[in-house]
Amino acid sequence: MNNKEPEYYRALKLKLIVITLIVALVPLAILSWRASLNYQRQYKENITSEIQRIARNRSDVINFFLEEQRSLISIIIKLYGFQHLKEQKNLDVIFSAVQKKTALVDIGVLNERGKHEAYAGPYKNIVFDKNYYEEKWFKEVMFNGSYTSDVYLGYRNVPHFVVAMADQDREWAIRATIDSEIFNSLLKSSWIGESGDAFIVNSSGVMQTRPRSGNSGLTAEEKALLFFHEGTRVKEITAGSRTYLYATSTVNNSQWLLIVKFDMDKALASFFEARRVERWIAFISSLVIVSCTLLIVNFLVNKIELSDRIKATYDEQMLQTDKMAAIGQLAAGVAHEVNNPLAVINEKAGWMQDLLTEEDPSGIKNYPEYEDAVKKIQLHVERARKITHRLLGYSRQVREVKVINIVDLVKETSLFLEKELLYHKIKLTTEFHGYIPAIAINSSEIQQVFLNIMNNSIDAIGTDGTIRISVSSDSEQIVINFSDTGPGIPADVINKIFDPFFTTKKVGKGTGLGLSVSYNIIKKMGGDIKVQSKPGEGTVFTILLSLKQYRSAMNLIKN
Amino acid sequence: MEDFRVLVVDDEKEFLETIVKRLKKRNLYVEGAENGENAVEMIKKGSFDVVLLDVKMPGMDGVDTLREIKKLKPLTEVVMLTGHASVESGIEGMKLGAFDYLMKPMDFDQLFEKLKDAFEKKHLQELKIEEARVKHTMMYPPRGWD
């Protein structure tokens, strides 16, 4: 017997769903998390090496440029010497020769006292009379042999810087102004992405080129970068909510620092976009997995429930069959043992009755008493007979076609359910319209159909209600109507009620076979069974038994 | 009402005796047999109109006896008596040509009516046969009449 409740199947469903989802989704989640992490790291590494490469490359170019300017001046010094260069016209010739090919703005020849001996360039009247002897840079040149200034905006508001070099004996020097605009164009090409930046600062963080940001100096966080080192370095700095990646490289003999700045967040935007797509894919595939799991689990558990139901039905049927067989044997045994002695008692009493008629009532003192006693014996034999016959009727499982009247069968079936009806406070009315012919039919089967329909009606009604059975007949068929005042059958299940194993009752409570079996029985008999129902108005089952079908059977029985 | 000849067959001796006595009292010619074999013997020797036959008997049972009787004397009508769960046997008996069947314990008047009906049927059938024979004879008269 199977008495599994709906909760059992719900729990089973839940368990299966949870296990399947854990097995399917956890690896997916781990995988996508790991992939995302790896991808992010890979992306960062790529950016790092890229920005490092740019910094190295640009610093090489800038160093090369500076070196070129210096060597130009040094060549001029060594090639021409002071005596030649201090002549203004000689310097003009040299200046006009190199100016077009270089970033030279002007060039001046200074004597050991810091005074111009000659000057070639656009600012002669402004700078020619200046005395640089007390200037720090002049002293450095005369001491070290060379000097490179930071970049500053000159009279033309153009960024430039000064390179000065002294001769070997520190007796005179050349001072040249060099346009540093080339740095800006060189670094502009290193602005990576929409917010990348590249600029040069001096050792105290003052801008030597125009940064993209337009800032004149470094931010507080960026000051940490002012650390002079060999080669290129990469550093990540978080300012506020933004993270930047910096690559630094020293230029101009460690006097300046080239900084390539890269907005991590902006750069990672494309990565985040890719991750967003990936997460959508993961989400959608999770959704697919979840819905597939739900569908499959639902399907499986419903199958299990159905097979449990079928098994329960078989078990129940087996039990019922065994029970019925046992009861049948017992009943037959009792009937056998009781009916024969009853027959003897009956006949003996009858014989006494026969004999009494021969007696003279006045000759026997207690004649009326004898007569009464005999009658009473017969009456009670009759009573006992009814019991044993009902017992036989109950136990017999006759698969024989018999000539019976449906009216008798309806009455007999009603008697069967008398107690049940009383218990449920259900009123049963029977109506028999006109002449109902007897038919040859398998009475136990048709009785089973009646019982099934009436049991369903009782279950549907619950308590307080009416079941009306009406039997009528025309020349073609017998019509048996069972109508009840139950809640009716919803429209969506009315087509399923004759399906095997369809039941609205709990597993183990209803087999879902009653109406299905009934349908098969009636169809086998060549009849028809129909149902009409409106929710709230009750249900009417109609059984049609064709008379034509039974005439041949009846003839067979009679002959 | 015409009297007729009845053979009662039942292995329950008390029952048999009483039924025989009661039927005799109703002016029938009645004999009793305690088993199928005896009954068949008596059918062979005597002539009975109706046989009241118990279905369940040791040895030759009611159905076999019925078959034998119908073989020997097809016109003899048989009313079957069943005492227990042998309703099916009763029905089978009807298929084999029994007139009707009753379940023990039965109402004696009902039994008596059944026996009379059975005799009536037998009588009618005999008349029909007689009639047919007469018709036949009239349609095809014996040569001697020529």
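**Entry 1: ground rules.** I note that this is a predicted model, in which local features need pLDDT of at least 70 and side-chain atom pairs count only at pLDDT 80 or more, while totals for chains, interfaces and linings use all residues. Residues are numbered from 1 along each chain as its sequence is written, chains are lettered from A and ligands numbered from 1 in the order in which they are written, and side-chain values use heavy atoms, with hydrogens and water left out.

**Entry 2: the interface.** I looked up how the chains meet and found 25 residues of chain A in contact (heavy atoms within 4.5 Å) with 20 residues of chain B. The two chains bury about 2200 Å² between them, 60% of it on carbon and sulfur atoms; buried area is the accessible area, taken with a 1.4 Å probe, that two parts lose on being put together, summed over both. Glu347(A), Trp351(A) and Asp354(A) supply 27% of the area that chain A buries against chain B, more than any other three residues.

I then looked for charged pairs across this interface and found 5 salt bridges, each being a side-chain nitrogen of Lys or Arg within 4 Å of a carboxyl oxygen of Asp or Glu. One of the salt bridges joins the side chains of Glu14(B) and Lys348(A), at 3.1 Å from N to O. On the side of chain A that touches chain B, the elements giving two or more residues are helix 6 (264-356) and helix 7 (367-395) of chain A, where helices (H or I, at least four residues) and strands (E, at least two) are DSSP runs numbered from the N terminus. Helix 6 of chain A gives the largest share, 16 residues.

Entry 3: Strand 1 (104-111), strand 4 (152-153), strand 5 (159-166) and strand 6 (172-179) of chain A each supply at least two lining residues.

**Entry 4: salt bridges overall.** I found 29 salt bridges over all chains. In one of them Glu50(A) pairs with Arg53(A), with the closest N and O atoms 3.2 Å apart; both residues lie in helix 1 (residues 6-85) of chain A, 3 residues apart, about one turn of the helix.

**Entry 5: backbone.** Most residues other than glycine have a negative phi, and most peptide bonds are trans. Asn252(A), however, has a positive phi of about 50°, and Asn252(A) sits in the loop between strand 9 (242-251) and strand 10 (256-263) of chain A. A cis peptide bond, with omega about -15°, joins Lys104(B) and Pro105(B), and Pro105(B) is in the loop between strand 5 (100-103) and helix 5 (108-139) of chain B.
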